Amino acid sequence: MNEKYFPQEIEERQQTRWAAGRVFEVEPDPARQKFYCLEMLPYPSGRIHMGHVRNYSIGDALATFKRMQGYNVIHPMGWDAFGMPAENAAINNNARPDVWTFENIDAMRAQLKRMGFSYDWRREIASCLPEYYRWNQWFFIQMWKRGWLYRKNATVNWCPKCNTSLANEQAEGGFCWRHEDTPVEQRELEQWFIRVTNYADELLDELDTLEGGWPERVIAMQRNWIGRSQGAEVDFTVAQENAPTNGKKIRIFTTRIDTIFGANAVIVAPEHPFIDELISSGRASVELIDFVEKQRAISKEERIAEVAEKQGVNTGQFVSNPFNGERLPVWTANFVVTGYGTGAIMAVPAHDERDFEFSQKHGLPIPRVIKLAGSTDADDAPVEAAFTTKDETGVLINSGRFNGMTVPAAIGSMTQYAVEHGFGEAQTNFKIRDWGVSRQRAWGTPIPFIHCPKDGIVPVPEEQLPVVLPADLNFSTTGSPLAENAAFVNTTCPQCGGPARRDTDTMDTFVDSSWYYFRYCDPDNEEMPFNPEIIAYWAPVEQYIGGIEHAVLHLIYTRLWTKIMRDLGLIDFGEPVKKLLTQGMVGLATNRCEEHQWLYPNEVIEGKCKFCGRPVIVGRIEKMSKSKKNTVDPDEMIKIYGADTVRLFMLFAAPPEKDLEWSEAGTEGASRFLNRVWRIVYKWQGKLASFKDESLEYSSAARALRRKTHQTIKRVTHDIGDRINFNTAVAALMELTNEIYAFDGSLKGEASDADLFTLKEAIEALVKMMAPFTPHIAEELWTGLGHNEMVVASTWPVFDAELAKDEELEIPVQLNGKLVARLTVSADATDEALTRAALAHERVQARLGGRQVVKTIVVPKRLVNVVVE
């Protein structure tokens, strides 16, 4: 060992050793218990950032820990390589997106290797490679054969100048990202959809099986996103001028049929067929036509946002309430959309807050039909706020034959009444919709279907997969590069042999990330997506790590895809991930001034902006962003401190699920700790390497250090393995290091054999336990201690329960809250033993003076309080 710690030199040397020893390469081994450790794969944008570093440091620490515990650990990495940024770069630079993407992959791979993460790089995948996306296409064809994939018209963001659809991110604010003066239109295009709703019940119900392994917040978000609503569909018959009815009906969906006697209107979506019929018949007002056109130009997501103003227009038409025959107006409003329920609702303002707000704004009546059980309020009392109870505390009023029923009873009875009289039925709806997987972009998986004038939609024969993206796409075009590539589009129908056209849509990139970690397990398979026997060993994933921003879309789609693969017979389970950790973001406390907004730290001088002298406000932690001038380059930090120091800071500065504020002072503190460990190991390494005898007599100081060593092993093992709480584990290692230094300082003269063994045990345990957090320095120190095996492949230390016990505890005894005595007891003394010892103590007996003991309060291992009259 060198006397001084040179991280860059050490890290390069140890990474070379790991690669030569192939220590992170694994294969299925039925004789060993497996552990699949997975971090969400990155998009190859060009450089890794501190958020990546934190995510991968967490995963790597856990992977190394499990490997040292004897598990057969698979820990892979790959690239979510299709998507908009590459296509945007190609458009802006008239370049090929594949070249841009692979240059970025090369750069980011080099960065990850420089961090020393323990990936099995043989398993690397990139979703933009034909050998990967051919299986996306294969899955699509299998779903098509089974009716799980279909086409229908759907609304997309459309730029008339680009002559193509835009992702929501490209249409923010209602204008095209390339043509900032061009309003985005909402157009109906025929799109591909996967039948998510076939699996909606299962996706929702199986969330129960994930409780305890997944964060409660993620489970709640998924439950809300899936959004199962059990209710009823009811037909309201349309009436027209000079006729009581024309026989047409508007079907509404409601979860509160019990409130139907309180309906004051039927409200339909601007896209509802009733509106189209009204406009085409010439009976729509100018106000209505103008409103509908404006609403159809806005995305449904924007319209139903909570902050959106509730807007609507009366159509001038009426319907009849099937329960009481009451004539109700038909409105259209921005908060009703097609795609959920029937695209029509009944407004019940006395019992729905949104409807109450809308009715007050437009002067509609607010009839009350439910009140609190036992209330003495008059049934026709004015309504000051919506009464929304859904339980037995609500009873029906002003509701005909259903008066007096509780809300739950009325829902069942009224639904049955609607069914028996032929104007309604029970219905379960979901907020989650079928997954629209079409994208009118070029940098994605081509959809493997052919459109034939004679035979219609025909799948590409499986032996002809993959359908490969052309290398000569023209990204300077104002339309779709794929649609304008004649060599790609024009083909032959595989059924009739006649001329046909390829589908020119590509797949949503969430398809790529829905099953990638299955491919890691068998990345070179040319016959199928993966070998089911291999997956049967490696899957499901034991631990998945990624950001909370993926809680809904990615994590729902990957659960869906797993169930689809199960139903295709590829796997025999339905949930892909046993445990999920959503790590917090990495950011900086923001510096702002009134004039210059975001400021770098070096642009702040004595609390003032260096440009204008105004006071600087330090705000909350913000996610790192170039636009906010709060980014930190990992490469720069590695050059200064080394990868181990950066990793250690990331794991120590905050619990993994909490946001982390980047601090260079904190990084310097991590560096000081590593240097401190280096110095103590360097001092003793020559004397400890060959020492093995344990049959010794130990001083009280040696016993104390041995006790601390085994307590630390116990704590760190628990913190990593059971809690995934790395910051407290690192804190325990720092405490052990302090104890080693204290013991070292207590030695006078030559150390005894017992002292040497105590130091050997403590230092070797410390070095081993550092391996998950700082593997390079741990490896170097382990070698310096005389070991030939690599520390990351060594056995995790095991604590001795007896040695880990505190020998004795001093317990204060109080009488009515006042200290009267102290007990010296065994560390494993029970609460009952503490109570007996306290009551028997001579000082307690003297102060009792015959008074009655009311109760004894024991704070385990801390305190006994005797309460007397």
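This is a predicted model: local features need pLDDT of at least 70, side-chain atom pairs count only at pLDDT 80 or more; totals for chains, interfaces and linings use all residues.
Local features are described where pLDDT is at least 70, side-chain atom pairs count only at pLDDT 80 or more, and totals for chains, interfaces and linings use all residues. Residues are numbered from 1 along each chain as its sequence is written, and side-chain values use heavy atoms, with hydrogens and water left out.

A nonpolar core is a set of buried Ala, Val, Leu, Ile, Met, Phe, Trp, Tyr and Cys residues joined through side-chain atoms within 4.5 Å; buried means under 20% relative accessible area, exposed over 50%, and partly exposed in between (1.4 Å probe, protein chains only). The largest such core holds 183 residues, and those with the most contacts inside it are Met50, Phe140, Ile194, Tyr516, Phe518, Trp561 and Trp662. Helix H22 (residues 753-770) supplies the largest share, 11 residues. Helices (H or I, at least four residues) and strands (E, at least two) are DSSP runs, numbered from the N terminus. A second, separate core has 37 residues, including Val266, Ile370, Tyr417 and Ala418.

Helix H17 (residues 634-641) comes next. Its buried residues are Pro634, Asp635, Met637, Ile638 and Tyr641. They lie on the same side of H17 because they cover an arc of only 160° around the axis, the arc being that of the directions from the helix axis to the C-beta atoms. Among the elements covering these residues are helices H1 (7-21), H2 (50-68) and H4 (97-115). At the start of H17, a side-chain oxygen of Asp633 comes to within 3.0 Å of the backbone nitrogen of Asp635. After H17 comes Gly642, with a positive phi near 95°.

Glu11 counts as buried because its relative accessibility is 0%. Leaving out residues up to four places away in sequence, Glu11 is in contact (heavy atoms within 4.5 Å) with Tyr5, Arg114, Gly642, Ala643, Asp644 and His776. A polar atom of the Glu11 side chain lies 2.9 Å from the backbone nitrogen of Ala643.

Finally, strand S3 (residues 149-159) has 8 of its 11 residues buried, so it is largely enclosed by the rest of the structure. Strands pair if DSSP finds at least two bridges between them. S3 pairs with strand S5 (residues 185-194) in the antiparallel sense over 10 bridges, and Arg151 stands opposite Trp192 in S5. Strand S4 (residues 164-166) also runs antiparallel to S3, joined by 3 bridges, with Asn157 opposite Leu166 in S4.

Methods: A polar contact is a pair of N or O atoms within 3.5 Å; within protein, one must be able to donate a hydrogen and the other to accept it, and residues adjacent in sequence count only if both atoms are side-chain atoms.
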